[in-house]
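Please look over the sequence and the structure below. A short briefing follows, grouped by topic.

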Amino acid sequence: MAFSIKTIFGNNKAEALKFENTDIAYQSGLSDIWSIAKSYMTTKRLHPTPEAEVPVKPMTATSLSFSTEDQIFRLGHSTLLIRIDGEYILLDPVFSQRASPVQWAGPKRFHQSPINIEQLPPIKAVIISHDHYDHLDKAAVTELKNKVQYFVTPEKVGNHLIEWGVEPSKVNQLSWWQELKLGDLTLVATPAQHFSGRGLFDRDTTLWASWVIKGKQSKLFFSGDGGYFPGFKEIGERYGPFDITMIETGAYNELWSDIHMMPEQSMQAHIDLNGDNFHQTAMIPIHNGTFDLALHDWFEPLERIVHLGEQANVRVVTPIFGEAVSVKSALKTERWWREMLPNEELLLQAQ
């Protein structure tokens, strides 16, 4: 396996199973916590959340049936609905109002999902990247469990789902580089540089992953969360190039760049994944536009990655939430956030 597992012993028996990154051992000590707390207290932001209504294109099962081509729909943050080979794949489904252990506190949504769980068509597979609250939503899993044929997770993450009532036979837990065949679809758990945990005492006891999604005609990459690392190039060499990469671009800061990429690194990840074909493929920046999880203005990730795409000759596709993106003919979509900004000078500041 490309990652290492560390077992911590106490009183002559194993107490915990810990997963580790391949390139860094990410730790957050008291000095890191203080630096982050100080930044939150001192950083002045003009636009941490949208001041106007975020545009959303409503979706229904009926509207989805109007097309049969491979398409991607961004529902919010890192939640995406993919139609590939006539089957639906749902990535990191978060439908709750807050990305939090409780619904009375924590980061609140900027916008509603363009489609609710009841309206979704039957789902072939739900793919989870890791167990953080902005990627693994217990309420969503509970509501989805009878609509989904398979749940596919990194190792140990599926245990959460089983505890929440998902039939164990539906849950598939993969290690890095392990493949799962679902008919003509191939799903591959690939490495990522991140960490896991939903509480104070379960740090890194579940695995985190990025994902390759390969159908008969289309090949996609979903980054989940993570810092920039050499693994992107290795994934590209094994499975690339990709028609579209869906790469984390948001909730970043230099203080935690080891486990959340800066926009320049997100662009480099796309290039690494696609080798010499990087300018012939498209990138959808995700992990932005739905929750306030960092110290940058809400629109900054989108503006910065669009600017970087223009410099690198990369097609950066920024759909309105709910807008269909054709996998085989992805075009540059409108820069919807710009109409929401009170001052054009903010765009230059973001770049």
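Buried means under 20% relative accessible area, exposed over 50% and partly exposed in between, with a 1.4 Å probe and protein chains only. Helices (H or I, at least four residues) and strands (E, at least two) are DSSP runs, numbered from the N terminus. The model is predicted: local features need pLDDT of at least 70, side-chain atom pairs count only at pLDDT 80 or more, and totals for chains, interfaces and linings use all residues. Residues are numbered from 1 along each chain as its sequence is written, and side-chain values use heavy atoms, with hydrogens and water left out.

**Helix α5**
- Helix α5 spans residues 231–239, and its residues Gly231, Phe232, Ile235, Gly236 and Tyr239 are buried.
- Seen down the axis of α5, these buried residues fall within an arc of 140°, so they line one face of the helix; the arc is that of the directions from the helix axis to the C-beta atoms.

**Ser266 in helix α6**
- Ser266 belongs to helix α6 and counts as buried because its relative accessibility is 0%.
- Contact means heavy atoms within 4.5 Å.
- Apart from neighbours within four places in sequence, Ser266 is in contact with Ile247, Glu248, Thr249, Met261, Met283 and Ile305.

**Leu144 in helix α3**
- Leu144 lies in helix α3 (residues 138–144) and is buried, with a relative accessible area of 0%.
- Ile117 is 27 residues from Leu144 in sequence, while their C-alpha atoms are 6.8 Å apart in space.
- Setting aside neighbours within four places in sequence, Leu144 is in contact with Leu90, Pro93, Ile117, Leu120, Val126 and Phe151.

**The seven-stranded sheet**
- Two strands pair if DSSP finds at least two bridges between them.
- Seven strands form an open sheet with mixed pairing, in the order β8-β7-β6-β5-β4-β3-β16.
- At the edges are β8 (171–174) and β16 (324–326), each of which pairs on one side only.
- Strands β4 (residues 79–84) and β5 (residues 87–91) run antiparallel and are joined by five bridges.
- Arg83 stands opposite Tyr88 in β5.

**Cavities**
- A cavity is a set of points, on a 1 Å grid over the protein atoms alone, where a 1.4 Å probe fits but cannot get out; lining residues have an atom within 4 Å of a point.
- The structure holds two cavities of 30 Å³ or more.
- The lining of the largest cavity has 14 residues, of which Ala251, Phe291, Asp292, Leu293 and His296 lie nearest its centre.

Key:
On a 1 Å grid over the protein atoms alone, a cavity is a set of points where a 1.4 Å probe fits but cannot get out, and a pocket is an open set with protein on both sides within 12 Å along at least five of seven lines; lining residues have an atom within 4 Å of a point. Grid points are joined across faces, edges and corners, and a volume is the space filled by probe spheres set on the points.
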